[in-house]
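Hello,

Here is the structure I promised to pass on to you. Have a look at it first, and then read my notes below.

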Amino acid sequence: MSDQPLPPGALDALKRPSNAGDRSRIRKLSDFENGALAVFASHDKDPAELTHKFDLLCPRNGCGSVILKAGVGRWVERDSVELDITKQPLHPDLPALPAPPATAQWWLVAPTIMEFENIGFTKPVQQDAAVAPKLKFLICAECDLGPLGWCEEGVDEFWLACSRVGYR
Ligand SMILES: [Zn+2]
């Protein structure tokens with residue numbers, strides 16, 4: 001046995017997870033020059049509606065869990081929702097959403113939760129007003145990063161923030 005040194009870079013290659021190449025290339029909406037325009041495709045079931053031509057992923061580098069397959073969500077611009085109610089600093093992969101009543105861009109997932117590949121939920125969150133509906137926040141099923149979106153308890157419509165998912 002000789003003490004032959006490893007070729008340069010071999011140790012790094014061994015230490016690197018095999019899927020790192022793929023998962024480090026998660027694009028955010030802000031990485032596209034045209035924003036949402038760059039990810040739009042017309043929806044198979046209703047050509048008048050817009051969907052995403054990429055799979056939607058957890059935006060965390062090193063995770064990238066597939067949340068929704070391409071062509072499933074429908075693009076909707078509607079009232080923003082206060083997702084960050086914990087007052088903790090935002091994770092760098094989660095851009096702030098406009099404060100309501102400004103609008104935000106969403107991928108609407110319906111008619112059932114079965115449309116998702118992977119998704120997690122928080123416990124119901126009661127917003128300030130007593131009359132407000134109870135919301136649950138959508139989080140990554142693999143690493144719990146979130147909120148990535150929201151749904152109303154008991155309603156089978158799920159809203160993913162376009163700016164808070166990765167695209168590949
Ligand atoms: Zn994740």
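**A pocket and some aromatic rings**

The second largest pocket has 16 lining residues, and those nearest its centre are Asp84, Thr86, Gln88, Gly146 and Pro147. Please keep in mind that this is a predicted model. The volume of the second largest pocket is about 280 Å³. Sorted by class, its lining consists of 10 nonpolar, five polar and one charged residues.

Now to the aromatic rings. The structure has eight aromatic pairs. One of them joins Phe40 and Trp75 edge-to-face, with 5.3 Å from centre to centre and 70° between the planes. This pair links distant parts of the chain: Phe40 belongs to strand S1 (residues 40-42) and Trp75 to strand S5 (residues 74-79), 35 residues apart. Are these two residues buried or exposed? Phe40 counts as buried because its relative accessibility is 16%, whereas Trp75, at 25%, counts as partly exposed.

Phe40 also pairs with Trp107: the ring centres are 6.2 Å apart and the planes are at 85°, so this pair is edge-to-face. It too links distant parts of the chain, with Phe40 in strand S1 and Trp107 in strand S6 (residues 103-109), 67 residues apart. Trp107 is buried, as its relative accessible area is 0%.

Elsewhere, Phe32, Phe54 and Tyr167 make up one aromatic cluster.

Finally, which residues lie over the face of a ring? Arg78 lies over the face of Trp159, 4.4 Å from the ring centre, and Lys136 lies over the face of Phe121, 5.6 Å from the ring centre.

Definitions and conventions. Residues are numbered from 1 along each chain as its sequence is written. This is a predicted model: local features need pLDDT of at least 70, side-chain atom pairs count only at pLDDT 80 or more; totals for chains, interfaces and linings use all residues. Side-chain values use heavy atoms; hydrogens and water are left out. On a 1 Å grid over the protein atoms alone, a cavity is a set of points where a 1.4 Å probe fits but cannot get out, and a pocket is an open set with protein on both sides within 12 Å along at least five of seven lines; lining residues have an atom within 4 Å of a point. Grid points are joined across faces, edges and corners, and a volume is the space filled by probe spheres set on the points. Ala, Val, Leu, Ile, Met, Phe, Trp, Tyr, Cys and Pro count as nonpolar, Asp, Glu, Lys and Arg as charged, and the others, Gly among them, as polar. Rings of Phe, Tyr and Trp (its six-membered ring) pair if their centres lie within 6.5 Å; planes under 30 degrees apart count as stacked, over 60 as edge-to-face and the rest as tilted. Helices (H or I, at least four residues) and strands (E, at least two) are DSSP runs, numbered from the N terminus. Buried means under 20% relative accessible area, exposed over 50%, partly exposed in between (1.4 Å probe, protein chains only). A charge sits over a ring if NZ of Lys or CZ of Arg is within 6 Å of the ring centre and within 35 degrees of the ring normal.
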